[in-house]
Amino acid sequence: MWPFAHSIDELAEVDLQALVTAAAREGTGLEFKREMYQRRDPGHTREMLRDIAAMANADGGVLIIGMEEDGQGTAQQLIPVSDAEAEGNRLVQLCLAHIAERIPGLRAVPVLVQDGDVIVVRIPRSYRRPHMITFEGMTDFWIRHDRQKSRMSVAEIRTAITATEDAEMKVQRFAESRIASALSRGAPLILAASPLLLEDGRISIEDERLQALLCRPPTFRPQGGVTLSHESCEIHPTLRGIAAVMAGIQELEIFRNGHVEFLLFRHDMVSKLREGSPGSILHGWAVAEYIRNFAHLITMLRGIGGIVDPYL
């Protein structure tokens with residue numbers, strides 16, 4: 001779980017210092033290192049790869065390099081790391097070279113603090129588990145349990161593989177059920193997108209950025225084009241998440257699990273009656289703009305929620 005209120009690119013010293021103030025403790029998804037893993041030391045490289053892979057094979061998390069802990073895993077103080085940007089890049093490159101499958105969304109970012117920088121490594125929950133270490137002939141699988149890491153058992157490896165396969169079937173069933181629900185409401189245009197890992201809590205409906213996105217979603221043409229919602233829409237929480245509603249016209253809803261739906265209820269916004277003959281003519285430009293705007297909204301939502309797994 002991401003422990004900060006801001007994205008990794010927006011982190012500041014105050015965010016890291018808050019962990020010290022709150023006496024944050026290491027756990028399955030949080031680890032502190034006082035110093036950077038040493039260069040040209042195979043033992044340190046091996047330990048680093050195990051730390052990263054173990055967290056990815058669990059539920060993902062955050063490794064903070066430059067945070068001293070008290071021996072019991074409680075954050076104590078920030079200790080700047082020399083040449084943080086280069087060291088962060090080195091960490092990522094080593095992981096790309098020696099962990100298979102590669103961990104999607106892995107990042108190591110320097111954060112400015114007093115007298116220097118620390119490194120925040122974000123390890124997203126992976127949809128490619130299990131991850132194997134391939135360094136100096138090793139073929140190791142590691143997993144994190146609370147503050148400790150250990151080699152994965154055969155049962156844990158099997159469970160990780162099965163969970164990845166089950167996730168694909170789960171999201172397919174969910175998407176089909178949501179489309180069926182939308183069709184029952186008579187919407188002539190339905191756009192829906194679901195992340196591969198469907199879990200409640202991936203999106204916080206209290207996030208102000210989310211509400212701003214619902215009021216001002218991306219649009220190809222601010223004047224004269226079509227929009228997914230508008231500042232005049234009504235924003236309200238739902239049982240599943242939060243929605244922007246223009247009664248009788250359209251509805252845009254973002255679920256806590258990351259799923260997004262857009263329903264358009266007015267036929268005349270995507271088609272018109274054909275003169276002199278039955279049937280109607282589709283406004284292809286309008287459909288294309290709705291799809292374009294929806295795709296851009298998903299991209300922005302992924303940034304807000306830190307979602308790296310693919311969307312269906």
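Q: How many disulfides does a search of the whole structure find?
A: A disulfide is a covalent bond between the sulfur atoms of two cysteines. In this predicted model, the search of the whole structure finds zero disulfides. Cysteine 233 is in no disulfide, and its nearest cysteine sulfur, that of cysteine 215, is 4.8 Å away. The cut-off for a disulfide is a sulfur pair within 2.5 Å.

Q: Is cysteine 233 buried or exposed?
A: A residue counts as buried under 20% relative accessible area. Cysteine 233 has 10%, so this residue is buried. Cysteine 95 also counts as buried, because its relative accessibility is 3%.

Q: What does the chain contain in the way of helices and strands?
A: The chain has six helices and 17 strands. Its C-alpha atoms fill a box of roughly 80 × 45 × 30 Å along the principal axes. Of the 312 residues, 48% are buried. The exposed surface comes to about 15500 Å², with 52% of it supplied by carbon and sulfur atoms.

Q: What share of the contacts joins residues 24 or more positions apart?
A: Counting contacts with a separation of 6 or more, residues 24 or more positions apart account for 66%.

Q: In what order do the strands of the five-stranded open sheet stand?
A: Strands of a sheet pair through backbone hydrogen bonds, either parallel or antiparallel. Here the order is β11-β15-β14-β13-β12, and the pairing is antiparallel. The edges are β11 (189-193) and β12 (234-237); each has a single partner strand, so one side of each lacks a neighbour in the sheet. From one strand to the next, the twist averages 10°.

Q: How many bridges pair β14 with β15?
A: Five bridges pair β14 (residues 250-255) with β15 (residues 260-264), in the antiparallel sense. Within this pair, isoleucine 254 is opposite valine 260 of β15.

Q: Which strands of this sheet does helix α4 touch?
A: Helix α4 (residues 154-184) packs on the sheet and touches β11, β14 and β15, with its direction at about 160° to that of β11. Helix α6 (residues 284-305) also lies across β11, β14 and β15, and runs at about 155° to β15.

Q: Which residues touch the most other members of the largest nonpolar core?
A: That core has 29 residues, and those touching the most other members are Leu252, Ile254, Val260, Phe262, Tyr290, Phe294 and Leu301. The elements giving two or more residues to this core are β11, α5 (208-215), β13 (241-246), β14, β15 and α6. Helix α6 gives the most, with eight residues.

Q: What is phenylalanine 262 in contact with, beyond its neighbours within four places in sequence?
A: Its contacts include Leu189, Ile190 and Leu191, along with Thr227 and Leu228. Gln250, Glu251 and Leu252 are also among them, as are Tyr290 and Phe294.

Q: Which residues does the second, separate core include?
A: This core has 28 residues, including Leu49, Ala53, Ile65 and Ile119.

Q: How many residues lie between β6 and β7 in their hairpin?
A: Two residues lie between them, and aspartate 115 in the turn has a positive phi of about 70°. Strand β6 (residues 107-113) runs antiparallel to β7 (residues 116-123), and seven bridges join the two. Valine 111 is placed opposite valine 118 of β7.

Q: Which strands form the four-stranded open sheet?
A: The order is β5-β8-β9-β10, with antiparallel pairing. Strands β5 (99-100) and β10 (148-151) are at the edges with a single partner strand each, so one side of each has no neighbour in the sheet. Strand β9 (residues 140-145) pairs with β10 over four bridges, and histidine 145 is opposite glutamine 148 in β10.

Q: Where does helix α2 lie?
A: Helix α2 (residues 42-57) lies across β5, β8 (132-133), β9 and β10, and runs at about 65° to β9.

Q: Where is the place of phenylalanine 220?
A: Phenylalanine 220 is in the loop between α5 and β12. Not counting residues up to four places away in sequence, phenylalanine 220 touches Glu289, Arg292 and Asn293. Leucine 196 is 24 residues from phenylalanine 220 along the chain, and their C-alpha atoms are separated by 27 Å.

How values were computed:
Residues numbered from 1 in each chain as written. Predicted model: local features only at pLDDT ≥ 70, side-chain atom pairs only at ≥ 80, totals over all residues. Heavy atoms only, no water. Buried < 20%, exposed > 50% of the residue type's maximum accessible area, 1.4 Å probe, protein only. Pairing = 2+ DSSP bridges. Axes fitted to C-alpha atoms, helices over the stretch in contact; angles between N-to-C directions. Contact = heavy atoms within 4.5 Å. Areas by Shrake-Rupley, 256 points an atom, 1.4 Å probe, with all protein chains shown as cover. Core = buried A, V, L, I, M, F, W, Y, C linked by side-chain atoms within 4.5 Å.
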